[in-house]
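Me: Please give me a close look at one residue. Then show me how the rest of the model is laid out around that view.

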Amino acid sequence: MSVDSRETSAALEVDGVVERGGFRLAVSATVEPGEVLGVLGPNGAGKSTLLRALAGLTVLAAGTIRLGGTLLDGEHLFVPPEQRPVGLVFQSYRLFPHLSVLDNVAFAPRSRGLGRRRSREVARGWLERLDLAELADRRPAQVSGGQAQRVALARALAAEPGLLLLDEPLSALDAGTRLDVRTLLRRHLEFFAGPVLVVTHDPLEAMVLCDRLLVIEGGRVVQQGTPASVARHPATEYVARLVGLNLYAGRLDPDRGSVALDGGGDLAVTPTAEARGSNRVLVGLRPSAITVHTVRPEHASVRNVWAGTIESLELLTDRVRVNVEGTPSALVDVTPGAVAELGLGPGQAVWLSAKATETDAYPESASTRHTAEVS
Ligand SMILES: Nc1ncnc2c1ncn2[C@@H]1O[C@H](COP(=O)(O)OP(=O)(O)OP(=O)(O)O)[C@@H](O)[C@H]1O
C-alpha cells in the first residue's frame, strides 16, 4: 500500500460557519499535507464542533470544506461521513472488543471492499509500522491503554484517509503512559502524508505533537501560529494561562516606559521597538520572574512592587504556584522551601516584585501578524 497516494497528500481548506443549537463557530484555516495542526480551546469553545463538521457529522451553515481540490461541504454539495476520506480517532478509541487487534485494523480495508486475505495483509503492514505486530492475535481488553491508542491509529490509517482527525488522543491514558505514548505518536504520525488535526486540552501535548496551533475561544479563532510563537506572544488570557504566563493588556506610555493596565495598576516595562510604535500592548510576565515578599521590598532597582493577597497555592512538579489577587493579580512560582520559610498560605497579605527587564511588552495585534507569517 502506498501512503503517498494522491488522496493522502492534499491540503485541507476550511472556511465556514457551523451552527449547533444557539452556538456559532466560524473557522478559516488551511492545513498542509503532512502538517499536524493542534486545535486548542477552553471547554465549549467549539473544538469538537469543528471535528464534527470535517467528519461530515454536522453540515456547514455557510462556507466550504475542501480536501485538495475536492469539495466536501458547501456550494450546495454535502459529502456524507461514510463517503469522506477522513480517519477519526476518538478519545475512547472505540475498538471492537470481540475482534483481534489484527481484525480491528483489517476492518478498515475490508469495509473498502478488499477481500479477507488482502485486508489482513494490509493490516499486518500497519501493525508492523506501528510496532504492534506481536499483539496481532490479542483482543483489545488484553492490551495496554497506550497500545490500544496505537491500534486505533493503525485502524484509522489502514483506511487510507486523506485527512486524519484525532480527538484528545491521549486523554484516556494516565500521566506516566501519556509521556511515552506522546513521543511515539509524533513518530507514528510521520507515516501519514495528509493533513492531521489534533484536538487537545494539554499544552505539552500541543507543543510536542503539533507543527502549528489553532486556538478557538467562544466559536472564534483567536490565535494561529507555531507552538513557539503562540507561547512567546499569547493573544489571550486563556492562551497565556495555557503556556503558564501572566498576561496583561494596557496602554503604553513609551516615554515613561510603563503600561497603564486595563484592570488597574501599572507595570514598568522595557518595550521592544515594535511595541513602542503601538498604543495598545500586551505584557507577558513569567510566574518565575515574580518574587513574593512578606514585607515591602526596598530595592531601588526593582520598579514593579505591588501588594496583594494570596488566593490559593497549587503544588506543581517541583514548584508551588501561588495565585495572588491584586492590582494586577498574578501567578507566582516559588520553591516549596520558600513557602515554608515565608509561611505562605491562603488569605495572607504579600508584596510582589518584578524587574521591568523581565516583562515582555508586545503590540496587541502581534498574534494576528504571527498568523499571517506562518499560515
Ligand atoms: N448537541 C448539541 N446541541 C446543541 N448545542 C451543542 C451540542 N453540543 C455542543 N453544543 C454547544 O456547542 C458549543 C461548542 O461545543 P463543543 O463540544 O464543540 O466544544 P469543545 O471545544 O469541543 O468543548 P470541550 O473541550 O468541552 O469538549 C458549546 O457551547 C455547547 O454548549
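Reply: Two residues are in contact if their C-beta atoms, placed from the backbone, lie within 7 Å. Residues are numbered from 1 along each chain, as its sequence is written. The model is predicted: local features need pLDDT of at least 70, side-chain atom pairs count only at pLDDT 80 or more, and totals for chains, interfaces and linings use all residues.

Take Arg280. Leaving aside neighbours within four places in sequence, Arg280 is in contact with Arg251 and Glu364. Arg251 is 29 residues away from Arg280 in sequence, yet the two C-alpha atoms are 4.8 Å apart in space. Arg280 sits in strand 15 (residues 280-285); strands are DSSP runs of E, at least two residues long, and helices are runs of H or I, at least four, both numbered from the N terminus. Is Arg280 buried, partly exposed or exposed? Arg280 is partly exposed, because 14 other C-beta atoms lie within 10 Å. The cut-offs are 20 or more such atoms for buried and 12 or fewer for exposed, with partly exposed in between.

Now step back. The protein has eleven helices and 21 strands. Its C-alpha atoms fill a box of roughly 80 × 50 × 35 Å along the principal axes. The domain assignment gives domain 1 (6-232) and domain 2 (244-363); such bounds come from an automatic or database assignment. The C-alpha centres of domain 1 and domain 2 lie 39 Å apart. Of the 375 residues, 39% count as buried. Among contacts between residues at least 6 apart in sequence, 66% join residues at least 24 apart.

The largest nonpolar core has 96 residues. A core here is a set of buried Ala, Val, Leu, Ile, Met, Phe, Trp, Tyr and Cys residues joined through C-beta atoms within 7 Å. Leu54, Val105, Ala154 and Leu197 have the most contacts inside this core. Helix 4 (residues 145-158) supplies the largest share of the core, eight residues. Domain 1 and domain 2 each give the core at least three residues. Leu197 touches Val31, Leu37, Val39, Leu51, Leu54 and Leu165, not counting residues up to four places away in sequence.

After helix 2 comes Gly113, with a positive phi near 105°.

Then the ligand. Its shell is Arg20, Gly21, Phe23, Gly41, Asn43, Gly44, Ala45, Gly46, Lys47, Ser48 and Thr49; a residue is near the ligand if its C-beta atom lies within 6 Å. Helix 1 (residues 47-55) gives the most to this shell, with three residues. By class, two shell residues are nonpolar, seven polar and two charged.

Some backbone details deserve a check. Most residues other than glycine have a negative phi, and most peptide bonds are trans. Glu75 has a positive phi near 50°. Glu75 lies in the loop between strand 5 (70-74) and strand 6 (77-78). It is exposed, because 9 other C-beta atoms lie within 10 Å of Glu75. Glu168 also has a positive phi, near 45°. Its loop runs between strand 8 (163-167) and helix 5 (175-189). With 18 C-beta neighbours inside 10 Å, Glu168 counts as partly exposed. The peptide bond from Thr327 to Pro328 is cis, with omega near 5°. Pro328 is in the loop between strand 18 (320-326) and strand 19 (330-334).

Last, confidence. pLDDT is the predictor's confidence in each residue, from 0 to 100. The protein averages 90, and 95% of the residues score at least 70. Over residues 367-375 pLDDT stays under 50, with 15 contacts beyond four places in sequence. Where pLDDT is low, the predicted coordinates should not be read in detail. The model scores ipTM 0.94 and pTM 0.82.

Methods. Ala, Val, Leu, Ile, Met, Phe, Trp, Tyr, Cys and Pro count as nonpolar, Asp, Glu, Lys and Arg as charged, and the others, Gly among them, as polar.
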